[in-house]
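Please read them with the structure open beside you.

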Amino acid sequence: MAEEIIKIENLAYAYQTGTHALAHIDMTVREGEKIAVMGSNGAGKSTFFLNLNGVLQPDEGTIAYRGKVIGKKDLNELRKNVGFVFQDADSQMIASDVQGEISFGPMNLKLPREEVKKRVDEAIEYMNLNEYRNRPPHYLSGGEKKRVSIADIIAMKSEVVLFDEPTAALDPLSAEMLEEVLAKMSAEGKTLLISTHDVDFAYRWAERIVVFCGGKIIADGTPLEIFQNEAVLEQAHLKKPAMFTVYETLVEKGLVEDGSYPRVPEELKGVLK
Ligand code: ADP
């Protein structure tokens, strides 16, 4: 089994308004995992992510990174290792051009000038942003802005990347590009946690799905385990992925043998041969 990278124990967080957004969260994340975080609006997913990358600090419980419990003085270390791609890219962007934007993170790490430049160039290359290099980030399209915010994290060389609903508001082509980038990041060993309402995406992409409801984790398992669990789906208001329903219908009608659960159309074609 891959090494533990983040261990969360008995985490609780309440906002100053008195809202108890998270309670008794226990979870271990292993290196290289592809985790979808699901649950209705207000379930606590964003608050969980904000605790994971040190923007918020737990009221109770602990977060350990590679075996070391994070205290107040380790927050910068946590923020460097756990990158956060926010849903709304605009809220993140402050520089007057794309390369300036991407250089913020490495500059904050107080890296030498040459290293900052190298990292910015690499991130621009990685996200295919060369033609946008000198453009103001605010005038880019939604998909392009998303690429810039991912480049920000690439330049930080974060080992773990949290994405808050990355496919929301992306057109199909940008969403496809995003999935290619996710595949590339996984192939390089990055650990990815993605909050999403998109059950079809979660089903084809994730190895593990963690379901939040009312500030607690109510289920944690493989996509198959989660989407077969009617009680969890009902409690978290999740629908079944289309591919899952199609396959179950084919099994029910005796058209295919039970067991393989294809996740993408190519796999379904294979089952129907
Ligand atoms: P999700 O990401 O699953 O939609 P959130 O983590 O945003 O859930 O919200 C969890 C709970 O915390 C909700 O009840 C929400 O209203 C509350 N909440 C979120 N952000 C704030 C905030 N900045 N101040 C006060 N309450 C908040």
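1. Lys157 and Glu122 form a salt bridge, with their closest N and O atoms 3.4 Å apart; the term is used here for a side-chain nitrogen of Lys or Arg within 4 Å of a carboxyl oxygen of Asp or Glu. Because Lys157 sits in the loop between α5 (142-156) and β7 (160-164) while Glu122 belongs to helix α4 (residues 113-126), the pair ties together parts that are 35 residues apart in sequence. Helices (H or I, at least four residues) and strands (E, at least two) are DSSP runs, numbered from the N terminus.

2. Please keep in mind that this is a predicted model, in which local features need pLDDT of at least 70 and side-chain atom pairs count only at pLDDT 80 or more, whereas totals for chains, interfaces and linings use all residues. Residues are numbered from 1 along each chain as its sequence is written, and side-chain values use heavy atoms, with hydrogens and water left out.

3. Lys240 takes part in a salt bridge with Glu230 (2.8 Å, N to O), and the side chain of Glu248 also meets Lys240 in a salt bridge (3.4 Å, N to O). Lys240 counts as partly exposed because its relative accessibility is 26%, where buried means under 20% relative accessible area, exposed over 50%, and partly exposed in between (1.4 Å probe, protein chains only). The search of the whole structure finds 15 salt bridges.

4. Which residues surround the ligand? The shell, counted as residues with a heavy atom within 4 Å, includes Tyr15, Thr17, Ser40, Gly44, Ser46 and Thr47, and its largest share, three residues, comes from α1. An oxygen atom of the ligand lies 2.6 Å from a polar side-chain atom of Ser46, and a polar side-chain atom of Thr47 is 2.4 Å from a ligand oxygen atom. Of the 560 Å² of accessible area that the ligand has on its own, the protein covers 63%; such areas come from the Shrake-Rupley method with a 1.4 Å probe, and for residues only the protein chains shown count as cover.

5. Thr47 is placed in helix α1 (residues 45-52), and it counts as buried because its relative accessibility is 6%. Leaving aside neighbours within four places in sequence, Thr47 is in contact (heavy atoms within 4.5 Å) with Tyr13, Tyr15, Ala21, Leu22 and Leu56.

6. Ile94, by contrast, counts as exposed because its relative accessibility is 67%, and its place is in the loop between β6 (82-85) and α3 (98-108).

Note on methods:
A polar contact is a pair of N or O atoms within 3.5 Å; within protein, one must be able to donate a hydrogen and the other to accept it, and residues adjacent in sequence count only if both atoms are side-chain atoms.
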